Amino acid sequence: MKPPTSREKVYSLIFDRSPISIPEISRITGMNYKYVFQVVRTLRKENYLTTTPSRKLVVLDKKGLIFKWAKDKEVILNSLSPITLKLVPDYDMRNLVLFSGNSALWLLGKVITPAGGILYASEKTFKELMKFKDPKGYPFKVCIYDDFYFKIRKELNGYYIPSWGMILADMLVQGTYTRLFDDVFETIVSIIESEKNEEARTF
């Protein structure tokens with residue numbers, strides 16, 4: 001069974017950029033409109049989404065969507081076969097990886113160290129990343145993943161993350177306990193709303 005990596009792209013844009021339209025998702029991801037429509041139709045039937053009169057998609061159940069996403073993400077991470085590398089998160093490697101899961105919690109100031117977190121690298125950046133191996137560094141789960149997330153990445157305290165929603169989905173897969181997850185969920189939802197308000201003021 002093929003891992004649901006294409007669905008994850010749809011989830012990422014819907015969670016981070018809602019309200020957003022199907023044509024916009026298709027254009028940004030480069031995926032077929034029909035496929036995106038099918039994913040969205042399923043999410044609407046399951047009451048995660050609704051559609052505005054202008055055909056924009058709005059998330060009704062943000063937390064529910066993340067839990068659904070996490071089920072897909074567990075399959076995806078298993079298919080990626082992460083390797084454990086000991087690294088010091090030097091500023092020089094900021095363009096080589098995307099922090100997610102428990103390593104992103106460190107960037108958010110929720111945990112003391114990034115140990116055990118996920119780092120996404122591209123095929124292009126993975127070899128360069130190996131230069132930062134350090135036996136005294138923190139253990140990270142490193143995955144080679146789609147370049148798409150480097151295109152939509154977001155900056156967080158000088159480093160980069162793939163998407164806000166992916167941080168949350170990866171946290172659940174990594175087994176983050178409920179109280180911490182709820183705290184981070186509220187923080188991230190607040191950050192997304194602040195970003196949207198800032199964009200609205202810009203225009």
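Trainee: At what angle do α4 and α8 pack?
Mentor: This is a predicted model, and in it helix α4 (residues 62–80) packs on α8 at an angle of about 70°, with the axes 8 Å apart. That makes α4 roughly perpendicular to α8, because angles of 65 to 115 degrees count that way.

Trainee: Is that crossing left-handed or right-handed?
Mentor: Right-handed, as α4 passes α8.

Trainee: Which residues meet there?
Mentor: From α4 you have Ile66, Phe67, Trp69, Ala70, Lys73, Glu74 and Leu77. They meet Gly165, Met166, Leu168, Ala169, Asp170, Leu172 and Val173 in α8. Sorted by class, the contact of α4 with α8 has 10 nonpolar, 1 polar and 3 charged residues.

Trainee: How many residues of α8 are buried?
Mentor: In helix α8 (residues 164–173), 8 of the 10 residues are buried, so the helix is largely enclosed by the rest of the structure. The buried ones are Trp164, Gly165, Met166, Ile167, Leu168, Ala169, Asp170 and Met171. Asp170 is therefore on the buried list and also among the α8 residues that meet α4.

Trainee: What comes just after α8?
Mentor: Look at Gly175, which takes a positive phi of about 85°.

Trainee: Where else is phi positive, in a residue other than glycine?
Mentor: Asn47 has phi near 65° and lies in the loop between α3 and β1 (49–51). Arg55 has phi near 70° and is found in the loop between β1 and β2 (57–59). For background, most residues other than glycine have a negative phi.

Trainee: Are those two buried or exposed?
Mentor: Exposed. Asn47 has a relative accessible area of 56%, and Arg55 comes in at 57% relative accessibility. Both count as exposed because the cut-off is over 50%.

Trainee: Switching to peptide bonds, where is the cis one between Ser18 and Pro19?
Mentor: Pro19 has its place in the loop between α1 and α2. The cis bond joins Ser18 and Pro19, and omega is about 5°.

Trainee: Since you mention α1, at what angle does it pack on α3?
Mentor: Helix α1 (residues 5–17) and helix α3 (residues 33–45) pack at about 65°, with their axes 10 Å apart. That makes α1 roughly perpendicular to α3. The crossing of α1 past α3 is right-handed.

Trainee: What about the largest nonpolar core, how many residues does it have?
Mentor: It has 64 residues, and those with the most contacts inside it are Ile14, Phe15, Leu168 and Ile188. Helix α9 (residues 178–202) gives the most to this core, with 7 residues. In soluble globular proteins, nonpolar side chains tend to be buried together.

Trainee: What does Ile14 touch?
Mentor: Leaving out residues up to four places away in sequence, Ile14 touches Ile20, Ile25, Val40, Leu43, Leu49, Leu57, Val59 and Leu65.

Trainee: Last one: where does Asp90 lie?
Mentor: Asp90 lies in the loop between β3 (83–87) and β4 (97–100). Its relative accessible area is 32%, so Asp90 is partly exposed. Beyond its neighbours within four places in sequence, Asp90 is in contact with Phe132 and Tyr159.

Trainee: How many residues apart are Asp90 and Tyr159 in sequence?
Mentor: They are 69 residues apart in sequence and 9.8 Å apart in space, C-alpha to C-alpha.

Note on methods: Residues numbered from 1 in each chain as written. Predicted model: local features only at pLDDT ≥ 70, side-chain atom pairs only at ≥ 80, totals over all residues. Heavy atoms only, no water. Axes fitted to C-alpha atoms, helices over the stretch in contact; angles between N-to-C directions. Helix = DSSP H or I, 4+ residues; strand = E, 2+ residues; numbered from the N terminus. Parallel < 35°, antiparallel > 145°, perpendicular 65-115°, else oblique. Left-handed = near helix turned anticlockwise from the far one by under 90°. Core = buried A, V, L, I, M, F, W, Y, C linked by side-chain atoms within 4.5 Å. Buried < 20%, exposed > 50% of the residue type's maximum accessible area, 1.4 Å probe, protein only. Contact = heavy atoms within 4.5 Å. Nonpolar A, V, L, I, M, F, W, Y, C, P; charged D, E, K, R; others polar.
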